[in-house]
Amino acid sequence: PTGLGALIVRNEVGHLLRKRYFGGGTVEASVSDGGFWRERQELAERLEDGTISFLSICAIRHGFQLLNGLGGIKAVHAHVTAL
């Protein structure tokens, strides 16, 4: 599925996050038959698989405007709870 999310991590603890897989440009080098790969050095580059969702990034402002027009997250929560 497509979408947009965020993971906020302090750089000091980024080394604790270890992925069990890689793909979409998160490694500097790999050997397909040897089980060898070298992760990128920058934390964000290591964790971001695939192509950045540019259209979702452009839509963030409009999404927040819609959410505010509905009364904010608390109003949406109250409505969903009432369902």
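Buried means under 20% relative accessible area, exposed means over 50%, and partly exposed is in between, with a 1.4 Å probe and protein chains only. So isoleucine 52, at 41% relative accessibility, counts as partly exposed. Some ground rules. This is a predicted model, where local features need pLDDT of at least 70, side-chain atom pairs count only at pLDDT 80 or more, and totals for chains, interfaces and linings use all residues. Residues are numbered from 1 along each chain as its sequence is written, and side-chain values use heavy atoms, leaving out hydrogens and water.

Where is isoleucine 52 found? In the loop between α1 (43-47) and α2 (54-69). Those helices are DSSP runs of H or I, at least four residues, numbered from the N terminus.

Now the pockets. A pocket is an open set of points on a 1 Å grid over the protein atoms alone, with protein on both sides within 12 Å along at least five of seven lines; a cavity is a set where a 1.4 Å probe fits but cannot get out; lining residues have an atom within 4 Å of a point. Volume is the space filled by probe spheres set on the points, which are joined across faces, edges and corners.

The largest pocket holds about 400 Å³ of space. Its lining has 14 residues, with Gly5, Ala6, Leu7, Leu47 and Glu48 nearest the centre. α1 gives the most to that lining: three residues.

How many cavities of 30 Å³ or more does the search find? One. The largest cavity has a volume of about 60 Å³. Among its lining residues are Lys19, Trp37 and Arg46.

Note on methods
Helices (H or I, at least four residues) and strands (E, at least two) are DSSP runs, numbered from the N terminus.
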